[in-house]
Amino acid sequence: MAEEAINKDNAIISDEWNQICNQLKTEFGETAYDSWLKPLSIGSYSSGVMNICVPTPFMKNWVLTHYADRIHKIWERRNPDIKKINFIVQSFNLGNSSFRATDSSLLKKISSTPTPQNLYMPEFEKASNSNNYGAHDSFAQLSAPLNPAYTFDSFVVGQTNEFAAAAAKKVATSKNVSFNPLFLYSGVGLGKTHLMHAIAWEIKKNDPKRNVIYLSAEQFLFKFVKALRYKDMSAFKEQFRAVDVLMVDDVQFMSNKESTQEEFFYTFNSLIGEGRQVILSADKSPTDLEGIETRLKSRLSGGLVADIHPTDFNLRMGILHSKAKQMGVELPEKVAEFLAEKITSNIRELEGSLRRIVAHSQLLSKSEITLDMTQDILKDMLRSIDRKTTIDEIQKKVAEYFNISVKELQSSRRARTVARPRQIAMYLAKQLTSRSLPEIGRKFDRDHTTVMHAVRKVEDLIGTDSSLTESVNALRRSLEN
Ligand code: ADP
Ligand code: MG
């Protein structure tokens with residue numbers, strides 16, 4: 001009896017998973033789906049906890065940052081019993097037809113230890129690699145795949161990212177090494193990986209002979225551990241010595257991994273010493289990175305450090321129009337404004353929402369994109385943005401941060417020590433909640449024009465006033481957690 005129930009559960013889950021897969025394909029597009037989602041398979045399920053199998057640690061990380069939230073939301077809506085989804089690395093699962101290991105020679109290659117050969121490589125990236133790295137096969141193996149969509153042409157530049165974009169462009173186009181290393185940092189989904197891939201494509205276009213290697217810090221770590229295990233350190237070092245441009249993405253993953261840091265430091269110093277370009281990214285500035293050795297930190301700060309600030313309204317509008325154009329759809333101004341106003345956390349989410357709306361309009365209703373439809377499709381998401389942060393919470397955090405009281409924040413005092421925090425609180429309320437200007441105003445005992453002025457003021461100062469920008473970023477991070 002109990003077994004029957006479990007089988008029934010499994011059948012339901014498996015059916016739900018198929019439907020979710022179809023929805024994901026529609027939302028994210030075939031290429032992304034084939035690359036990242038198709039290789040997932042459902043594992044065990046018990047008392048609300050669903051395990052999903054992922055073939056490699058690298059993919060797991062990618063799926064966690066790009067798709068996990070969405071998968072959870074879709075599933076929860078279909079089946080409220082699903083409380084938690086775990087992604088589990090299972091390098092090979094014989095019973096799983098969705099992982100495309102059909103060749104028996106591949107089976108032999110796949111041992112319990114993953115190797116770069118069996119490290120899962122998304123389909124489109126395999127193709128792009130073989131076309132572009134053909135002449136440098138050993139480098140094709142060392143470098144992670146590049147996304148063909150991440151170029152300078154498709155990167156929209158605005159006030160908040162222009163410095164980072166200019167630095168990236170300069171590194172990509174100059175013959176001489178200008179700043180070494182170039183260190184890019186920002187919160188998630190703001191374009192670091194896009195810029196790094198763009199640099200790689202640009203260099204490959206201008207000078208195909210240069211050996212450009214792009215790796216995530218996790219992949220660097222993985223190759224390093226493998227070399228250690230196979231006692232192959234000299235080959236490991238040799239590979240990196242022949243590199244012209246080395247890019248390591250998300251170096252915060254090296255935190256607390258002393259031996260890898262040591263090796264990275266060595267590789268990094270020798271490349272810089274020989275005048276090769278190094279480009280790194282992280283989610284924090286070098287000095288704020290935790291669990292990274294001090295001498296490595298100071299070396300990381302030794303070139304040019306460029307941060308990408310949270311987006312402003314204009315950049316979000318620019319990105320929406322550019323993405324809509326790429327997708328070949330007409331995006332009404334009102335809808336763009338609505339999205340740009342509401343979805344402020346990062347560009348990945350903004351892009352995801354646009355994709356959902358476009359998918360709905362094309363596949364389900366076959367109708368034009370309208371504001372009503374947009375609000376309807378995104379209502380869960382908007383509700384969850386609201387649920388996450390309240391104006392009260394923002395006031396409390398801002399007051400704490402600036403060491404003033406909430407009463408002062410709401411008072412009519414105009415002293416700058418109070419007025420600036422108040423403007424920041426209003427700006428954050430506009431950004432992080434879906435409250436209207438008059439609603440925000442009421443919470444501060446002000447009218448909507450004051451709020452509007454505050455929002456504009458803070459938007460203007462972001463990017464020019466570094467201490468204000470730091471405060472806004474820190475507050476946003478703490479409120480979004
Ligand atoms: P990060 O590496 O900082 O987490 P990504 O580079 O992965 O962020 O960017 C997230 C998504 O947003 C990608 O799809 C990327 O193409 C897009 N994106 C980010 N910045 C821009 C921009 N300025 N113009 C167009 N697309 C952007
Ligand atoms: Mg990234």
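This is a predicted model: local features need pLDDT of at least 70, side-chain atom pairs count only at pLDDT 80 or more; totals for chains, interfaces and linings use all residues.
1. Overall picture. The chain is built from 24 helices and 8 strands. Of its 481 residues, 50% count as buried. Looking at contacts between residues at least 6 apart in sequence, 72% join residues at least 24 apart.

2. How α10 and α12 meet. Helix α10 covers residues 217-229 and helix α12 covers residues 258-273; they pack at an angle of about 100°, and their axes are 10 Å apart. Angles of 65 to 115 degrees count as roughly perpendicular, so that is the label for α10 and α12. On the α10 side, the contact is made by Phe 220, Leu 221 and Phe 224. From α12 come Ser 259, Thr 260, Glu 263, Phe 264 and Thr 267. By type, the contact residues split into 4 nonpolar, 3 polar and 1 charged.

3. The buried residues of α24. Have a look at Leu 468, Thr 469, Ser 471, Val 472, Asn 473, Leu 475, Arg 476 and Leu 479, which are buried. As for partners, the buried residues of α24 pack against α19 (391-402), α21 (416-432) and α23 (448-461).

4. Gln 252, in a loop. You'll find Gln 252 between β6 (245-249) and α12. Its relative accessible area is 16%; the cut-off for buried is under 20%, so Gln 252 counts as buried. Its side chain reaches the backbone nitrogen of Asp 283 at 3.2 Å. Setting aside neighbours within four places in sequence, Gln 252 is in contact with Ser 281, Ala 282, Asp 283 and Leu 289.

5. Gln 159, in another loop. Gln 159 sits between α7 (137-142) and α8 (162-173). With a relative accessible area of 43%, Gln 159 is partly exposed. Not counting residues up to four places away in sequence, Gln 159 touches Asp 312, Glu 459 and Ile 462.

Terms used: Residues are numbered from 1 along each chain as its sequence is written. Chains are lettered from A and ligands numbered from 1 in the order in which they are written. Side-chain values use heavy atoms; hydrogens and water are left out. Axes are lines fitted to C-alpha atoms, for helices over the stretch in contact, and angles run from 0 to 180 degrees between N-to-C directions. Helices (H or I, at least four residues) and strands (E, at least two) are DSSP runs, numbered from the N terminus. Angles under 35 degrees count as roughly parallel, over 145 as roughly antiparallel, 65 to 115 as roughly perpendicular and the rest as oblique. Contact means heavy atoms within 4.5 Å. Ala, Val, Leu, Ile, Met, Phe, Trp, Tyr, Cys and Pro count as nonpolar, Asp, Glu, Lys and Arg as charged, and the others, Gly among them, as polar. Buried means under 20% relative accessible area, exposed over 50%, partly exposed in between (1.4 Å probe, protein chains only). A polar contact is a pair of N or O atoms within 3.5 Å; within protein, one must be able to donate a hydrogen and the other to accept it, and residues adjacent in sequence count only if both atoms are side-chain atoms.
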